[in-house]
Amino acid sequence: DSCQLIELTGNALEQIKDGWVPIDFNFSGKRLQEYCRKFTREHLVEYNSMPEDTRATYIYFDRIANYHGVDQCKIMKEELQAQIDSGIVSNRTRAITWMPEKDATSTEPPCLQSLQIRYVDDGLVDLHLSWRSRDLAKALPANLVAISDMLYREVLDPCNCKIARIVDFSDSLHIYDADIEDAKKVRVNPMYRNH
């Protein structure tokens with residue numbers, strides 16, 4: 001595992017927005033659509049209606065849209081619109097997932113720690129993602145598609161904005177032993193080498 005900073009721009013962003021992932025062992029098609037659905041309000045209602053002992057330890061959208069009862073998507077949308085209206089850019093348009101009272105001792109704490117939207121200009125934003133831990137092979141591509149999809153729906157489209165760059169930081173980016181042989185076979189589309 002290693003600490004990594006990945007920057008995505010250009011065609012990579014368009015392909016992520018279209019739901020296409022450049023490196024993917026088995027997280028495409030229907031599985032990717034199901035994963036993206038976990039970042040919707042419809043799924044959040046279903047999740048919260050489940051008996052607590054049958055739920056996952058957490059889902060990202062619950063932490064983002066219902067953080068101790070606070071809808072961080074709504075706040076981010078309002079903050080982004082205020083930056084657009086005022087012309088004053090802020091680095092405070094962000095959402096967090098970590099809940100120390102639950103996560104510090106959990107065996108399954110969230111990998112995503114925070115996301116930040118920085119208004120650049122002319123309807124463009126940078127998206128900064130910060131991860132505690134990240135599976136390069138199976139999680140990273142699906143995470144990028146699902147989080148981008150959620151942000152476009154919840155925050156960016158209502159403000160007429162588009163992602164200009166993704167800055168993705170992982171404290172621990174890794175490939176599990178069980179995936180090493182498959183990872184050696186992956187060939188990245190050459191178009192991605194410069195994006």
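From the N terminus on, the elements of the protein chain follow the order β-α-α-α-α-α-β-α-β-β-β-α-β-α. In total, the chain holds 8 helices and 6 strands. The model is predicted, and the values below are computed from it. A search of the whole structure finds 1 cavity of 30 Å³ or more, and the largest pocket holds about 530 Å³ of space.

**Overall dimensions and packing**

- For 195 residues, a compact globule would have a radius of gyration near 16 Å, and the protein chain agrees with this because its own value is 17 Å.
- Taken along the principal axes, the box filled by the C-alpha atoms of the protein chain is roughly 50 × 45 × 30 Å.
- Of the 195 residues in the protein chain, 42% are buried.
- When contacts between residues at least 6 apart in sequence are considered, 66% of them join residues at least 24 apart.

**The largest pocket**

- The largest pocket has a volume of about 530 Å³.
- Its lining comprises 21 residues, and those closest to the pocket centre are Tyr35, Tyr58, Tyr60, Ala139 and Asn143.
- Two or more lining residues come from each of α2 (30-37), β5 (134-135) and α7 (140-156).
- Helix α2 gives the largest share of this lining, with 3 residues.
- By class, the lining of the largest pocket has 12 nonpolar, 6 charged and 3 polar residues.

**The largest cavity**

- Leu13, Glu14, Ile16, Lys17, Ser148, Tyr152, Lys162, Ile163 and Ile166 line the largest cavity.
- The elements that give two or more residues to this lining are α1 (11-17), α7 and β6 (162-174).
- The largest share of the cavity lining, 4 residues, comes from helix α1.
- The cavity lining divides into 5 nonpolar, 3 charged and 1 polar residues.

**Elements at both sites**

- Helix α7 gives two or more residues to the lining of the largest pocket, and α7 also gives two or more to the lining of the largest cavity.
- The largest share of the pocket lining comes from α2, whereas the largest share of the cavity lining comes from α1.

Conventions
Residues are numbered from 1 along each chain as its sequence is written. This is a predicted model: local features need pLDDT of at least 70, side-chain atom pairs count only at pLDDT 80 or more; totals for chains, interfaces and linings use all residues. Side-chain values use heavy atoms; hydrogens and water are left out. On a 1 Å grid over the protein atoms alone, a cavity is a set of points where a 1.4 Å probe fits but cannot get out, and a pocket is an open set with protein on both sides within 12 Å along at least five of seven lines; lining residues have an atom within 4 Å of a point. Grid points are joined across faces, edges and corners, and a volume is the space filled by probe spheres set on the points. Ala, Val, Leu, Ile, Met, Phe, Trp, Tyr, Cys and Pro count as nonpolar, Asp, Glu, Lys and Arg as charged, and the others, Gly among them, as polar. The radius of gyration is taken over C-alpha atoms; the globule rule is 2.2 Å times the number of residues to the power 0.38. Buried means under 20% relative accessible area, exposed over 50%, partly exposed in between (1.4 Å probe, protein chains only). Contact means heavy atoms within 4.5 Å.
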